[in-house]
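Reader: Hey, I've just opened this one and could use a quick tour. Can you walk me through it?

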Amino acid sequence: MSEKQRIALGCMGMSGVYGKTDDTKSIAVIHAAIAHGITLLDTGDFYASGHNELLIGKAIAGRRDKVQLSVKFGMMRGPDGAPVGVDTRPAAVKNFLTYSLMRLGTDHVDVYRPARLDPTVPIEDTVGAIADLVKAGYVRKIGLSEVGPETLRRAAKVHPIADLQIEYSLVSRDPEDAIFPILHELGMGATLYGVLSRGLLPASPLQPGDARAHMPRFSGDNAAANARLVAALRDLAEKWGLSPGQLAIGYVLGKAPRFTPTLGMRTLEQLDEALAAKPLTADQITQVEKLVPRGAIAGTRYPAAHMAHLDSERR
C-alpha cells in the first residue's frame, strides 16, 4: 500500500469549524484527493448540522465506487449550532443513518460509528443497532470513536469492530499506553485524527470564527509556551528539508504504521504537502521525541468539560 493510500481525508474543516470555507474549493480538494488514490472520506452528520454530508454528497456524485465513507453520529446540535448532548439509542441510530444516506446520496455507508460514548446507553445496545443495519445492507462495517479499552472489549463481543477513531500526534500520545495495545490484541484498525494538532504544529493562524480560539493549547500562556516548541520543530523540519506539517505527518506514519492518519486538508496546496510526506526514520523519531517529549505541550486537547466526557481519557 502506498503512503498516499494510507492517508484519509477528514472533511470536518470544510464546513466552517476553522473559519470561512468555500464549497467549490472544498469539492475540488475532494476530487483531487480521489484522483491521488485517497479512498477514505471521514465526516459526521453533525458537522455544520448536515452541511458537510451534503457537500460530500455533491463531491462524490458519479464517484461513489471510488471512495469509502466513514460517518459519525450521535452528537446533537441546537439551531444555533451549540452542542446539546449525545444520543445513541437504537432508534436514534437508525434515524440518524436515514438522513445521512439522503444527504450523502448513497444507499450505504462503509463505516458507521457513534462520535462519543453515550453514558445513558449501553454500548452493546448501540453496536447491536448498527449490527442490524449491517445485516440490512445499509452499513458495511462498525467503528467507534474516542472510547477506551473496556468499551472496546464490550463492543467487540457484540459485533466485530473494524476501526477506532482516536486523536494521535506527536503532542497527543496517550493512546500508546492502553489503547493501541488493545487494538493490536483485538485486531482492530484505527483512523488517527488531530495529526497536526488542529494546525498547532504547522503554526496555522487562527481565523475569524475559528473554534480553536476556545481550545486550551491555543489560549493565553499555553499558546505562548507552545509557540516556542513549534518554532524548534520548524527549525528541525527545515534542517531535514521538510515542512512542519510533513514532519508531523511523517512522525505518525513512522510511529504507527498499522494505522491511517486522517488529515483535514482544505486546500490543494495542503493536499500536495500531505501527499509528499514520508514516514520518519527511527533516528528522526528519536530526535523529534527528544525535542518534544511527552507532556511538553501546554494544555489539553479539548476544554476541561469536554475532556471529562471522553471515555478514551478514563484512567
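This is a predicted model: local features need pLDDT of at least 70, side-chain atom pairs count only at pLDDT 80 or more; totals for chains, interfaces and linings use all residues.

Reader: Okay. How many helices and strands does the chain have?

Author: There are 12 helices and 10 strands. The radius of gyration is 19 Å, close to the 20 Å that the globule rule gives for 315 residues, so the chain is as compact as a globular protein of that length.

Reader: And what box do the C-alpha atoms fill?

Author: Roughly 55 × 45 × 40 Å, taken along the principal axes. Inside the chain, buried residues make up 51% of the 315.

Reader: What share of the contacts links residues 24 or more positions apart?

Author: If you take contacts with a separation of 6 or more, 75% of them are between residues 24 or more positions apart.

Reader: Let's talk strands. In what order do they close into a barrel?

Author: The barrel is made of 8 strands, in the order β1-β2-β3-β6-β7-β8-β9-β10, with parallel pairing. From one strand to the next, the twist averages 25°.

Reader: Can you show me one pair from that?

Author: Take β3, residues 68-73, and β6, residues 109-114: they pair in the parallel sense over 4 bridges. Within that pair, Ser70 has Val111 of β6 as its bridge partner.

Reader: Which strands does helix α3 touch?

Author: Helix α3, residues 51-60, packs on the sheet and touches β2 (40-44) and β3. The direction of α3 makes about 150° with that of β2.

Reader: What about the loop between β2 and α3?

Author: Ala48 sits in that loop. Its phi is near 55°, which is a positive value in a residue other than glycine.

Reader: Is Ala48 buried, partly exposed or exposed?

Author: Partly exposed: the relative accessible area of Ala48 is 41%, and that class runs between 20% and 50%.

Reader: Where else is there a phi near 55°?

Author: Arg198 has one, again a positive value in a residue other than glycine. You'll find Arg198 in the loop between β9 and α8. Arg198 counts as buried because its relative accessibility is 12%, with the cut-off being under 20%.

Reader: Who else is in the loop between β9 and α8?

Author: Pro202 is there, with β9 covering 189-193 and α8 covering 220-239. At 30% relative accessibility, Pro202 counts as partly exposed.

Reader: What does Pro202 contact, beyond its neighbours in sequence?

Author: Leaving aside residues within four places in sequence, Pro202 is in contact with Leu196, Pro244 and Gly245.

Reader: And how far is Pro202 from Ala190?

Author: They are 12 residues apart in sequence, and 23 Å apart in space from C-alpha to C-alpha.

Reader: Switching topic: where is Ser145, and is it buried or exposed?

Author: Ser145 belongs to strand β7, residues 139-145. Ser145 is buried, with a relative accessible area of 1%.

Reader: So what surrounds Ser145?

Author: Past its neighbours within four places in sequence, Ser145 is in contact with Lys72, Arg113, Pro114, Ala115, Arg116, Leu164 and Gln165.

Reader: What does the side chain of Ser145 do with Ala115?

Author: A polar atom of the Ser145 side chain lies 3.2 Å from the backbone oxygen of Ala115.

Technical notes:
Residues are numbered from 1 along each chain as its sequence is written. Side-chain values use heavy atoms; hydrogens and water are left out. Helices (H or I, at least four residues) and strands (E, at least two) are DSSP runs, numbered from the N terminus. Buried means under 20% relative accessible area, exposed over 50%, partly exposed in between (1.4 Å probe, protein chains only). Contact means heavy atoms within 4.5 Å. A polar contact is a pair of N or O atoms within 3.5 Å; within protein, one must be able to donate a hydrogen and the other to accept it, and residues adjacent in sequence count only if both atoms are side-chain atoms. Two strands pair if DSSP finds at least two bridges between them. Axes are lines fitted to C-alpha atoms, for helices over the stretch in contact, and angles run from 0 to 180 degrees between N-to-C directions. The radius of gyration is taken over C-alpha atoms; the globule rule is 2.2 Å times the number of residues to the power 0.38.
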